[in-house]
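Please look at the sequence and the model before reading on.

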Amino acid sequence: MKKYLMLAAATGLLATSLTTAQAEPGGCLKYGAAGAVGGHVANHHGVLGAMGGCVTGMYVRHRYRKEARAKAALYDQEHPGAKGSYEEKATAYDVEHSTKPGQMTGTAPTTNAPAATAPAQPQ
């Protein structure tokens, strides 16, 4: 039985390593594994931790894809007729607007200069 379990684990690992890598946050497997380890450490609740981690991973990936679609829509407004997937357009939007994945607005440099105020007018 142990031999079959190890063979199944090796096959699963090989199958997941053959897929192409994408620049997306973890998902169910990655967050689920981290949740299982955390749940095991917290009084042997590995299954509960894996379920919570999986749900969290799916939510994080959903938020990432939703933002990428929004950036692609903004890119389409600026560049009508642009071709490519929404991931490519979101990346192009990030490059043009100096944003990072996970942020819709660019990071503007902050200045510590005092704001210019108009002198008070006598009445």
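**Helix packing and a disulfide**

Helices are DSSP runs of H or I with at least four residues, numbered from the N terminus. The model is predicted, so local features need pLDDT of at least 70 and side-chain atom pairs count only at pLDDT 80 or more, while totals for chains, interfaces and linings use all residues. Residues are numbered from 1 along each chain as its sequence is written, and side-chain values use heavy atoms, leaving out hydrogens and water.

**Helix pair**

- The axes of helix 2 (residues 28-41) and helix 3 (residues 46-78) cross at roughly 150° and come within 6 Å (axes are lines fitted to C-alpha atoms over the stretch in contact, with angles from 0 to 180 degrees between N-to-C directions).
- The two helices are therefore roughly antiparallel (an angle over 145 degrees).
- Residues of helix 2, including Y31, G35 and H40, meet residues of helix 3, among them G49, T56 and V60 (contact means heavy atoms within 4.5 Å).

**Disulfide**

- The whole structure has 1 disulfide (cysteine sulfur atoms within 2.5 Å).
- C28 and C54 form a disulfide, with sulfur atoms 1.8 Å apart.
- C28 lies in helix 2 and C54 in helix 3, 26 residues apart.
- The S-S torsion of C28 and C54 is about -100°, so this disulfide is left-handed.

- C28 counts as partly exposed at 32% relative accessibility, and C54 counts as buried at 16% (buried is under 20% relative accessible area, exposed over 50%, partly exposed in between, with a 1.4 Å probe and protein chains only).

Terms used:
Angles under 35 degrees count as roughly parallel, over 145 as roughly antiparallel, 65 to 115 as roughly perpendicular and the rest as oblique.
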